[in-house]
Amino acid sequence: MTITIEERREQALAALPPHREPGFWARTNRWIRTHLVQFFAAFALLFMFLPVMIVVLFSFNVPAGRFNYNWNQFSTIAWTNVWSDDQITSAVKLSIEIALVATTVSVVLGTLIAFAIGRHNFRGRGGINLLIFMPMATPEVVMGSSLLTLFVTAQLEGSLGFGTITVAHIMFCISFVVVTVKARIAGLDSRLEQAAMDLYADERTTFMKITFPLVLPGIVAAALLAFSLSFDDFVITNFTSGQAVTFPMFVWGANTRGIPPEANVVGALMFIIALVVVLVPEVVKRVRKN
Amino acid sequence: MSEQTTSTAAPVSTSGGGADLHIVDVTKRFGSFKAVDDLTLTIPAGSFFALLGPSGCGKTTTLRMVAGLEEPSAGRIVIGNEDVTHKKPYKRPVNTVFQSYALFPHLDIFENVAFGLRRSGSKDVRNEVEAMLELVELSTYARRKPTQLSGGQQQRVAVARALINKPEVLLLDEPLGALDLKLRRQMQIELKRIQTDVGITFVHVTHDQEEAMTMADTIAVMNAGQVEQMGAPMELYENPVTTFVANFLGQSNLIKGELTGKTGGDASLLVQGQRMAMPTARVHSERDEVWVGVRPEKMQISRAGTAVEGENSMAGVVTDASYIGVSTQYLVKLPWGQEVSIFSQNLSTEGPLGAGEDVVLHWNPAHTFALDASQDADAGAEKVEGDE
């Protein structure tokens with residue numbers, strides 16, 4: 001009573017229900033279901049980048065009237081003439097100067113705070129954690145007006161400008177730096193530092209060779225974040241600026257009398273710079289791998 | 001950078017190295033918990049020593065104290081003639097292979113292995129690293145990052161990174177825990193070979209008794225911060241002195257009995273009304289109340305009525321027989337209700353005995369051991385396999 005494998009297979013196949021190719025609707029249905037996520041992803045990306053594309057597009061426009069809202073004519077005039085407008089130039093310059101100082105100071109202080117909170121147990125750590133979070137949770141309008149009150153109370157009303165804006169920016173940037181760097185420190189395996197110590201590295205060498213290089217990506221990310229937050233800020237800046245005009249304030253002011261295409265050029269440039277900063281390391285990494 | 005210069009590389013030193021490691025009255029408390037309790041061990045230079053025990057027995061804490069990553073609450077740690085108890089990790093002549101390797105993710109394999117040499121200011125980093133990578137057969141991977149290597153390769157990098165510094169003592173913290181079974185067996189042989197080659201003292205922490213027995217020439221079985229027994233693998237297995245060792249290292253059948261007398265080298269026992277004999281040297285109890293122990297593979301199983309002269313024997317009924325090819329595992333119920341297990345080689349041509357059959361169990365008196373009956377007969381029996 002032995003049967004061969006072939007016979008066994010025949011029997012098994014005969015016992016199965018007959019095979020049918022799926023119909024047109026079944027296949028369409030399946031295609032939609034498997035591609036739905038991609039469709040939504042593409043839609044979400046479009047939603048995010050459409051405004052940026054409009055900004056770039058209208059930087060090549062020659063406005064028909066005061067307002068740069070309707071497409072009139074293609075031109076690269078705005079791109080070639082972008083720094084000819086003194087108002088734009090000085091506003092961008094001021095914004096960059098503030099952003100550079102605010103970024104540097106907030107990254108240094110924020111990183112030190114992040115190490116303190118992330119690595120050490122001390123009294124009041126929980127409270128400090130909460131305090132650091134506060135500026136992010138407070139509405140900007142509230143913070144801007146309180147800062148102005150503070151500066152006025154401190155009799156700095158006459159000297160509002162670069163200094164006060166920078167101090168205000170440092171204050172809210174620190175929170176973001178701490179949160180970003182702390183996340184990186186939390187993800188750091190402390191056994192790596194133990195391994196370094198085991199391999200004859202003293203505390204300082206361990207920090208320089210292991211801890212710092214591993215936390216560095218977090219610090220760089222924090223710096224980029226701080227820079228763009230500072231460069232971009234309008235509400236708090238508006239309260240603390242006095243007579244100074246940053247780039248966002250210039251755009252806001254220009255809005256009433258018509259924003260020149262040059263403003264779009266600056267916006268497009270910022271976008272391109274951000275893109276380059278993010279993409280170049282990726283490309284370098286890919287090239288190195290091959 | 002060329003990687004083809006390994007032929008000119010200096011060979012790694014194969015001369016005997018290492019120093020005695022003394023752990024003297026060491027205690028480590030974490031709050032009110034005693035992780036290591038008044039531990040004293042001497043590990044001779046050049047030996048492959050295993051600290052074996054279940055998770056939480058204090059073996060890893062002991063290793064970390066030797067490495068300098070924990071400070072003892074009391075006691076001393078001496079390497080060679082140097083007291084290192086309170087020295088920083090980077091001032092000790094030891095290196096560690098960490099449990100999950102702890103390779104530096106931002107450095108390539110070459111720089112990982114070179115890390116220790118660069119710190120100690122070696123003059124010939126390049127040749128030494130290349131020779132070491134050759135030893136662990138990873139020369140072609142020098143410029144890869146750790147994440148681009150398989151688990152087994154990462155493990156070898158971790159060994160190379162520690163070994164290249166020619167420490168007096170190499171510490172291995174569950175070094176094979178993250179590998180699958182087949183690779184683990186392969187690496188056990190590999191590590192043993194490397195240890196024989198370099199002659200450095202290896203201290204190996206593991207919860208895997210088979211791993212410890214395969215690799216180590218001396219094993220210390222740890223439990224609750226203390227050493228239960230120390231010796232060669234065979235000595236521990238054949239002649240355990242506590243119920244914990246009897247159960248943790250393999251399996252044991254422990255039956256209540258009483259010591260009735262000692263004449264010369266022989267001791268006599270009374271087990272549930274039956275007289276038995278055993279060597280006095282294998283009695284590890286101050287009291288007469290004892291656990292009479294026999295390993296399952298030392299017991300032989302025969303049909304009831306078989307004459308067994310000169311052997312210890314007892315009657316029973318088979319309750320379960322599992323045929324597993326190389327052997328059959330029986331569960332046999334004894335008249336007083338206790339069940340014992342027997343591993344029997346399949347030498348009979350008739351096939352295994354079936355459940356319900358009356359049998360007689362018998363064994364050579366020299367395979368009997370006796371343990372203090374005040375100890376828990378189940379101590380060490382609940383092993384947890386896998387990672388801690």
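Reader: What makes S12(B) and strand S13 (residues 274-279) of chain B count as paired in the antiparallel sense?

Author: In this predicted model, S12(B) and S13(B) are joined in the antiparallel sense over six bridges, and because two strands pair if DSSP finds at least two bridges between them, these strands count as paired. Across this pairing, Leu270(B) stands opposite Arg275(B) in S13(B). The hairpin of S12(B) and S13(B) has two residues between the strands, and in that hairpin Gln272(B) takes a positive phi near 50°.

Reader: How do you know that strand S11 (residues 253-263) of chain B pairs with strand S12 (residues 266-271) of chain B?

Author: Five bridges in the antiparallel sense link S11(B) and S12(B), and the definition asks for at least two bridges, so this pair also qualifies. Here Glu258(B) stands opposite Leu270(B) in S12(B). S11(B) and S12(B) form a hairpin with two residues between them, and Gly264(B), in the turn, has a positive phi of about 60°.

Reader: What makes a residue of chain A count towards the contact with chain B, and how many residues does the contact take from chain A and from chain B?

Author: Two residues are in contact if their C-beta atoms, placed from the backbone, lie within 7 Å, and the contact takes 15 residues from chain A and 15 residues from chain B. On the side of chain A that touches chain B, helix H8 (190-198) and helix H9 (203-232) of chain A are the elements that give two or more residues. The largest share, six residues, comes from H8(A). By class, this side of chain A has nine nonpolar, two polar and four charged residues.

How values were computed
Residues are numbered from 1 along each chain as its sequence is written. Chains are lettered from A and ligands numbered from 1 in the order in which they are written. This is a predicted model: local features need pLDDT of at least 70, side-chain atom pairs count only at pLDDT 80 or more; totals for chains, interfaces and linings use all residues. Helices (H or I, at least four residues) and strands (E, at least two) are DSSP runs, numbered from the N terminus. Ala, Val, Leu, Ile, Met, Phe, Trp, Tyr, Cys and Pro count as nonpolar, Asp, Glu, Lys and Arg as charged, and the others, Gly among them, as polar.
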